Amino acid sequence: MRYQIAHERALEFAIEGFRIHDIIRWSWLYDSAKLSELQNHDGDFNSWTAGKKYLPIPQTELDVNPNLLPNSAN
């Protein structure tokens, strides 16, 4: 059932740009079999490496808030 739901959501969200949220939520980037499947279907996943799951915090936000620390993507 989970496979069928994942497949349906992939078809539904592929164009809308929301599919990455499911991929992250279901930890497919850390499952070697699922990551291999993603890489076979979408070349954009070939450059993914572990630890690069965050977007960098904009420098303007870091400048404005002295309590904010950069994350691993900065």
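This is a predicted model: local features need pLDDT of at least 70, side-chain atom pairs count only at pLDDT 80 or more; totals for chains, interfaces and linings use all residues.
Residues are numbered from 1 along each chain as its sequence is written, and side-chain values use heavy atoms, without hydrogens and water. Local features need pLDDT of at least 70, side-chain atom pairs count only at pLDDT 80 or more, and totals for chains, interfaces and linings use all residues.

**Exercise 1.** Determine which residues of helix H1 are buried and what they pack against.

Solution. Helices are DSSP runs (H or I, at least four residues), numbered from the N terminus. Buried means under 20% relative accessible area, exposed over 50%, and partly exposed in between (1.4 Å probe, protein chains only). In H1, Ala6, Ala10 and Phe13 are buried. Down the axis of H1 these buried residues fall within an arc of 90° (directions from the helix axis to the C-beta atoms), so they line one face. They pack against helix H2 (19-25), with contact meaning heavy atoms within 4.5 Å. The face turned away from the buried side carries exposed Gln4 and Leu11.

**Exercise 2.** Classify the aromatic pair of tryptophan 26 and tryptophan 28.

Solution. Rings of Phe, Tyr and Trp (its six-membered ring) pair if their centres lie within 6.5 Å; planes under 30 degrees apart are stacked, over 60 edge-to-face, the rest tilted. The count comes to one aromatic pair. Its centres are 5.3 Å apart with 45° between the planes, hence the label tilted. Tryptophan 26 is partly exposed at 25% relative accessibility, while tryptophan 28 is buried at 14%.

**Exercise 3.** Locate serine 47 and state whether it is buried or exposed.

Solution. Serine 47 lies in the loop between helix H3 (32-41) and helix H4 (59-64). Its relative accessible area is 63%, so serine 47 is exposed.

How values were computed:
Helices (H or I, at least four residues) and strands (E, at least two) are DSSP runs, numbered from the N terminus.
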